[in-house]
Amino acid sequence: DVCGLLDPALRVTVNFFGAPALALEEFRHYRQDLIVGVSLQVTAPFGQYDSDRLVNLGTNRWAFKPEIGASKKLGALIVEAALGATFFTTNDDYFGGKTREQDPIFSTQVHFIYEFSGGRWLASRPTRRSNAPIGSLVARRLVSVAVGSARLARTWRARRRSASGDA
C-alpha cells in the first residue's frame, strides 16, 4: 500500500525581454512581439520513500531543471520554443541497497499557435526529450494538438461561478 506525498517542485521564472508588467486596463491593448525568459525548477526529495519498495512516490534525490524559452508573434501565428536539461543527484539508498545515478535529460519544445478571429485558436506541440547526447537518434518524440476558444473559456468560467454560487 503506497500512499503519501510526492516530491515537491518549486519553479522560479523570469521574463527578461518583451513582457512588461501591465495594469489590468493595459493588458487588453498589449500586443506581443518577442518574449524571452528563463526558469529554474528544483524538485526536493521530501516525498514518501521506502528503499525496500521498488515503486515509490518520492525519488530520494534532488533534481534541477534550468530552461530558456522564447515566444514570437508573426501575424496570426505564435511560435514558442524552449530548451532545458534536468540534472539529478545520486540516490545512495535505492531499492535493494543499490545506488541510482542518472544522466541528465535534455528537452526541446516547440509550440505553434494559430489565432483565428473571435478568440479561437489551434495549437500544435511537438516535443523531444532525451537522456542521450544532443544530436543522438535515441529520443522520445511527442506531438499533441489542441483547439480552443477564449469565448468558450469565459463561458465555462461564468457557468462554473454561477453553479458554485460565487459572484
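Here is a walk through this protein, from its overall layout down to a few pairs of side chains.

First, some ground rules. This is a predicted model, so local features are taken at pLDDT of at least 70 and side-chain atom pairs at pLDDT 80 or more, while totals for chains, interfaces and linings use all residues. Residues are numbered from 1 along each chain as its sequence is written, and side-chain values use heavy atoms, with hydrogens and water left out.

Let's start with the big picture. The protein has two helices and nine strands; these are DSSP runs numbered from the N terminus, with helices being H or I of at least four residues and strands being E of at least two. Reading from the N terminus, the order is β-α-β-β-β-β-β-β-β-β-α. Of the 167 residues, 20% count as buried. Buried means under 20% relative accessible area, exposed means over 50%, and partly exposed is in between (1.4 Å probe, protein chains only). The accessible surface comes to about 11,900 Å², and 60% of that belongs to carbon and sulfur atoms. Those areas come from the Shrake-Rupley method with a 1.4 Å probe, and for residues only the protein chains shown count as cover. Now for contacts, meaning heavy atoms within 4.5 Å. Among contacts between residues at least 6 apart in sequence, 51% join residues at least 24 apart.

Next, look at the surface. Leu10, Val12, Val14, Phe16, Phe17, Leu34, Val38, Ile68 and Leu83 form a nonpolar patch there, with about 810 Å² of accessible area together. Patches are made of residues with over 30% relative accessible area and no salt bridge; like charges are joined within 9 Å, and nonpolar side chains (Val, Leu, Ile, Met, Phe, Trp, Tyr) within 5 Å. Strand S1 (9-17) and strand S2 (34-43) are the elements that give two or more residues to the patch, and S1 supplies the largest share, five residues. Leu10 lies in S1 and is exposed, at 57% relative accessible area.

Now find Lys65 in strand S3. Is Lys65 buried or exposed? Lys65 is buried, with a relative accessible area of 17%. Leaving aside neighbours within four places in sequence, Lys65 is in contact with Ser39, Leu40, Gln41, Ala85, Thr86 and Ser107. Lys65 also forms a salt bridge with Glu67, where the closest N and O atoms are 3.8 Å apart. A salt bridge here is a side-chain nitrogen of Lys or Arg within 4 Å of a carboxyl oxygen of Asp or Glu. Both Lys65 and Glu67 are buried.

By that rule, the count comes to five salt bridges. Another one joins the side chains of Glu115 and Lys73 (2.3 Å, N to O). Glu115 lies in strand S7 (residues 105-115) and Lys73 in strand S3, so this pair ties together parts that are 42 residues apart in sequence. Salt bridges that share partners also join Arg11, Lys65 and Glu67 into one network. Glu115 is 40 residues from Gly75 in sequence, yet their C-alpha atoms are 8.9 Å apart in space. Gly75 is found in the loop between strand S3 (63-74) and strand S4 (77-88), and Gly75 is exposed at 57% relative accessible area.

What about the aromatic rings? A search of the whole structure finds three aromatic pairs. Rings of Phe, Tyr and Trp (its six-membered ring) pair if their centres lie within 6.5 Å; planes under 30 degrees apart count as stacked, over 60 as edge-to-face and the rest as tilted. Phe46 and Trp62 have ring centres 5.9 Å apart and planes at 75°, so they are edge-to-face. Both lie in the loop between S2 and S3, so the pair ties together parts that are 16 residues apart in sequence. Tyr114 and Phe116 are edge-to-face too, because their planes sit at 65°, with the centres 4.8 Å apart. Ring pairs also link Phe46, Trp62 and Phe64 into a cluster.

Last stop: the backbone. Asn60 is found in the loop between S2 and S3, and its phi is near 60°, a positive value in a residue other than glycine. Gly96 takes a positive phi near 75° in the hairpin of S5 and S6, which has three residues between the strands. Two bridges join S5 (residues 91-94) to S6 (residues 98-100), and these strands run antiparallel; two strands pair if DSSP finds at least two bridges between them.
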